[in-house]
Amino acid sequence: MLKIWGRISSINVRKAVWAAQEVGVAFERIDTGGKFGGTQTPEFLARNPNAMVPAIEDGEGAMRLTLFESNVIVRYLCARYAPGVLYPAALAQRFDAERWMDWQQTTMNPAGRDAFIQLIRTAPAQRDAPKIAASIAAMEPLLQLLDRHLASQPYLQGAQFGMADIPVACEVHRWWNLPAAAYQRPHYPHVERWFAAMLARPASRGVLDITIE
């Protein structure tokens, strides 16, 4: 059975869990990281020497594979269990998906991180208002870009849901659940339509419908 180490409060663990649910593979998730600890044990460090979640193990014996890095895990699960469906067979489509996954990890996530940390994980009296404002200013052009991209197609990769939608939707879920009193979200009609479709997917339950923390 596939094993996923990580707490569901982590955006990166949520990506792995959604991908596993989307491809329909049975899995066990072991709470690790944050208040659960466990990332500094020799056993966990053998799975991920970075001491971060998620980490997975899949397969048996000589075929057992251990992976870390959330977007790599999403790619692997889609490639192994949904080739040609969630993981595109054609190179052009595959690398179109790859670039959006990398964009989420290297551009969108860093832009939104400070607002999330300050508004969700920092006590009100200790919040850094300039950091929040800078994070919002960095994130809004990216949401505008995403809105323009989705204006002409239903999913990130085109006409069909695919692996790229998973990490980007997890990022949008986190951003859109910031406190309304602190952030007045502009209207992004195409992102909103797309995200509603993500929420409607049965496999996203327990991922996109939970409170961020």
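Modeller: Start with burial: a residue is buried under 20% relative accessible area, exposed over 50%, and partly exposed in between, using a 1.4 Å probe and protein chains only. By that count, 50% of the 213 residues of the chain are buried.

Two notes on the source. This is a predicted model, where local features need pLDDT of at least 70 and side-chain atom pairs count only at pLDDT 80 or more, while totals for chains, interfaces and linings use all residues. Residues are numbered from 1 along each chain as its sequence is written, and side-chain values use heavy atoms, with hydrogens and water left out.

Helices (H or I, at least four residues) and strands (E, at least two) are DSSP runs, numbered from the N terminus. The chain has 7 helices and 4 strands. Their order from the N terminus is β-α-β-α-β-β-α-α-α-α-α. The radius of gyration is 17 Å, close to the 17 Å that the globule rule gives for 213 residues, so the chain is as compact as a globular protein of that length. That radius is taken over C-alpha atoms, and the rule is 2.2 Å times the number of residues to the power 0.38. Along its principal axes, the C-alpha trace spans about 50 × 40 × 25 Å.

UniProt, in an unreviewed entry, lists residues 1-85 as "domain: GST N-terminal". UniProt positions follow the numbering used here, feature names are shortened, and annotations may be inferred rather than shown by experiment. Residues 1-85 are 36% helix and 19% strand, with end C-alpha atoms 22 Å apart. Residues 90-213 are 60% helix and 0% strand, and their end C-alpha atoms lie 38 Å apart.

Next, the pocket. Rolling a probe the size of a water molecule over the atoms shows where empty space is left. On a 1 Å grid over the protein atoms alone, a cavity is a set of points where a 1.4 Å probe fits but cannot get out; a pocket is an open set with protein on both sides within 12 Å along at least five of seven lines, and lining residues have an atom within 4 Å of a point. Grid points are joined across faces, edges and corners, and the volume is the space filled by probe spheres set on the points.

The largest pocket holds about 480 Å³ of space. Its lining has 23 residues, and the closest to the centre are Ser10, Ile11, Asn12, Met52 and Val53. Helices α1 (11-23) and α4 (91-120) each supply at least two lining residues. The largest share, 4 residues, comes from α4. By type, the lining divides into 7 nonpolar, 11 polar and 5 charged residues. Here Ala, Val, Leu, Ile, Met, Phe, Trp, Tyr, Cys and Pro count as nonpolar, Asp, Glu, Lys and Arg as charged, and the others, Gly among them, as polar.

Look at the backbone around Val53. A cis peptide bond joins Val53 to Pro54, with omega about 5°. Pro54 lies in the loop between α2 (42-47) and β3. Ala51 is in the loop between α2 and β3 too. Its phi is near 60°, a positive value in a residue other than glycine. Ala51 counts as buried at 17% relative accessibility.

Follow the chain on into β3. Ala55 sits in that strand and is buried, with a relative accessible area of 0%. Strand β3 (residues 55-58) runs antiparallel to β4 (residues 65-68), and 4 bridges join them. Two strands pair if DSSP finds at least two bridges between them. Asp58 stands opposite Leu65 in β4. The two strands form a hairpin with 6 residues between them, and Gly59 in the turn has a positive phi of about 90°.

Glu69 comes in the loop between β4 and α3 (70-81). Its phi is near 80°, another positive value in a residue other than glycine. Glu69 is partly exposed, at 41% relative accessible area. It is 14 residues from Ala55 in sequence, and 7.3 Å from Ala55 in space, C-alpha to C-alpha.
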